[in-house]
Structures are given as structure tokens and as C-alpha cells.
Amino acid sequence: MKLAVIAHDGKKAEMVSFLNKHIEFLHSANIQIIATGTTGKHAQDAGLQVERVLSGPLGGDAQIAAQVAEGKIQAVFFFKDPMDKHPHEPDINMLLRICDVHNVPIATNRATAELVLKGLVFSKVEKK
């Protein structure tokens with residue numbers, strides 16, 4: 001299973017904290033993490049193993065969306081900063097739409113990401 005993680009600048013520390021909090025589950029569930037460039041760098045600097053694509057504004061959001069459309073990514077955590085403007089808003093909306101089209105869960109905040117992870121835990125237990 002592959003999880004994509006993206007975070008606006010004001011949410012990168014929160015994303016890294018979230019991943020660190022759940023790192024044992026992510027490893028035990030064999031979940032690979034893919035991230036946009038800068039978010040991935042923050043995660044790597046914190047000692048996490050992450051595959052990186054381009055930075056969001058440079059096309060990373062589109063690269064993630066392409067993998068969602070190809071069935072290679074099963075969930076997306078995109079911690080958006082609702083208090084800031086984002087020049088690549090069309091790319092963000094495109095990613096949200098692609099997740100909707102392909103029925104892939106996308107969490108735009110920590111609370112929703114927690115629920116998605118709990119769902120993954122439940123589905124892992126259910127499969128045993």
C-alpha cells in the first residue's frame with residue numbers, strides 16, 4: 001500500500017509529527033510513503049523513509065494525482081493551510097478531484113487523517 005503525503009508550508013511540521021506518531025503502524029502495515037518535494041525533505045530530515053516527487057507548485061501535486069489515477073496510491077494526506085493563499089490552487093483542486101473520481105480517501109487535516117488510519121487498522125484486522 002502506498003500513502004501520499006503533502007503539506008502546505010504552515011502544516012509541514014504537523015505532518016512530520018503525525019507521521020512520527022504513527023510510524024510503528026505504518027511500518028507494521030508495510031505502507032510506503034510518497035511525498036511532494038519539500039514535505040518529503042522535512043520527513044526525511046526527521047529520519048523517515050520517504051519517496052519524493054517534485055515540489056507541489058512545480059508539478060508534484062500532478063505527479064501524485066497521476067499515481068492515484070493509475071491505482072498506485074491508496075490514500076492521500078494533504079494537510080492544507082486554510083489561512084494562506086496558494087498560487088497552485090488549480091493543481092490542488094485537480095488532486096482533490098482525481099481522488100474523488102477514483103474513490104481514494106484524501107484527508108486534508110489531522111483529524112480526518114487519524115480516522116483514515118483507524119480505518120486502515122480496522123481493515124487490516126478484518127483481513128486476518
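Colleague: Why is aspartate 61 counted as buried?

Modeller: Buried means under 20% relative accessible area, exposed over 50% and partly exposed in between, with a 1.4 Å probe and protein chains only. Aspartate 61 has 0% relative accessibility, so it counts as buried. This is a predicted model, in which local features need pLDDT of at least 70 and side-chain atom pairs count only at pLDDT 80 or more, while totals for chains, interfaces and linings use all residues. Residues are numbered from 1 along each chain as its sequence is written, and side-chain values use heavy atoms, with hydrogens and water left out.

Colleague: What makes Asp61 an "active site"?

Modeller: That label comes from the UniProt annotation, in an unreviewed entry. UniProt positions are given in the numbering used here, feature names are shortened, and annotations may be inferred rather than shown by experiment.

Colleague: Where does aspartate 61 lie, and with which residues is it in contact?

Modeller: Aspartate 61 lies in helix H4, residues 60-69. Helices (H or I, at least four residues) and strands (E, at least two) are DSSP runs, numbered from the N terminus. Contact means heavy atoms within 4.5 Å. Leaving aside neighbours within four places in sequence, the contacts of aspartate 61 include Thr36, His88, Asp91 and Ile92.

Colleague: Why is histidine 22 counted as buried?

Modeller: Its relative accessibility is 14%, so histidine 22 counts as buried. Histidine 22 lies in the loop between H1 and H2. Beyond its neighbours within four places in sequence, histidine 22 is in contact with Glu114 and Leu117.

Colleague: How do you know on which side of H3 the buried residues lie?

Modeller: The buried residues of helix H3 (residues 37-45) are Gly37, Thr39, Gly40 and Ala43. They cover an arc of only 165 degrees around the axis, which puts them on the same side of H3. The arc is that of the directions from the helix axis to the C-beta atoms. Among the elements covering these buried residues are strand E1 (2-7) and helix H1 (12-21).

Colleague: What makes a set of residues a nonpolar core?

Modeller: The members are buried Ala, Val, Leu, Ile, Met, Phe, Trp, Tyr and Cys residues joined through side-chain atoms within 4.5 Å. The largest such core here has 22 residues, and Val5, Leu19, Leu26 and Phe77 have the most contacts inside it. H6 gives the most to this core, with four residues. Apart from this core lies another, of 17 residues, among them Ile34, Val68, Ile92 and Ile98.
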